[in-house]
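Visitor: Could you walk me through some side-chain contacts here? I would like to see the model first.

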Amino acid sequence: MRNEFALERYRYILQQIHAVNENAHRFLTIYQTLATALVSAALALFVGYRKWEVAPDVARGGVIGLLILATVVAAFTSTLIVVGALAWLDYRNEECDITDEIVAPGFRKRPNPGNLFRWYETYVLLFIAVSVITMWVLAGIFLLPAMR
């Protein structure tokens, strides 16, 4: 009975690890989609504010507001990815606990948080940070000063 329970728990843990890995890709897709839409809206506002007879101050505020929304989406996505990585670490440690007890001690090597630079989540977070910084810098250099 004990081994059957351990096997079912092990299957559940493996399923959760798989789900956490898939979620990181989903979160990145959501970020890319929303950031693209928000930046496109900011560019459309920049291009069309004169034609639409929107005051430059209002248009600048709109661009800044859209960039703030993109930053909030980036922060939310980053939080979900970090939480997912922490959940993954927890599930992997639980997997190691089960295999240590049922199979043999040291059967599965425990995850090493020092391998952070080998995790794709690290580079997803880096991409998100770089893209948000780039959006703000480009808007500050090109868009906002040109909206007079």
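Guide: Happy to! Let us start with a salt bridge, where the side chains of Arg2 and Glu101 meet at 1.7 Å, N to O. This is a predicted model, in which local features need pLDDT of at least 70 and side-chain atom pairs count only at pLDDT 80 or more, while totals for chains, interfaces and linings use all residues. Residues are numbered from 1 along each chain as its sequence is written, and side-chain values use heavy atoms, with hydrogens and water left out.

Visitor: How many residues apart are Arg2 and Glu101?
Guide: Arg2 sits in helix α1 and Glu101 in helix α2; helices are DSSP runs of H or I with at least four residues, numbered from the N terminus. The pair therefore links distant parts of the chain, and the separation is 99 residues.

Visitor: How many salt bridges does a search of the whole structure find?
Guide: The criterion is a side-chain nitrogen of Lys or Arg within 4 Å of a carboxyl oxygen of Asp or Glu. With that criterion, the search of the whole structure gives a total of nine.

Visitor: Are Arg92 and Glu95 buried or exposed?
Guide: Their side chains form a salt bridge at 3.0 Å, N to O. Buried means under 20% relative accessible area, exposed over 50%, and partly exposed in between (1.4 Å probe, protein chains only). By that scale, both Arg92 and Glu95 are buried.

Visitor: What is the angle between the planes of Tyr31 and Phe127?
Guide: The structure holds two aromatic pairs, meaning rings of Phe, Tyr and Trp (its six-membered ring) with centres within 6.5 Å; planes under 30 degrees apart count as stacked, over 60 as edge-to-face and the rest as tilted. Tyr31 and Phe127 form one of them, 6.3 Å centre to centre. Their pair is edge-to-face, with the planes at 85°.

Visitor: Why does Tyr31 count as buried?
Guide: Tyr31 belongs to helix α1 (residues 2-48), and its partner Phe127 to helix α3 (residues 120-146). Phe127 counts as partly exposed because its relative accessibility is 39%. Tyr31 counts as buried because its relative accessibility is 2%.

Notes
Helices (H or I, at least four residues) and strands (E, at least two) are DSSP runs, numbered from the N terminus.
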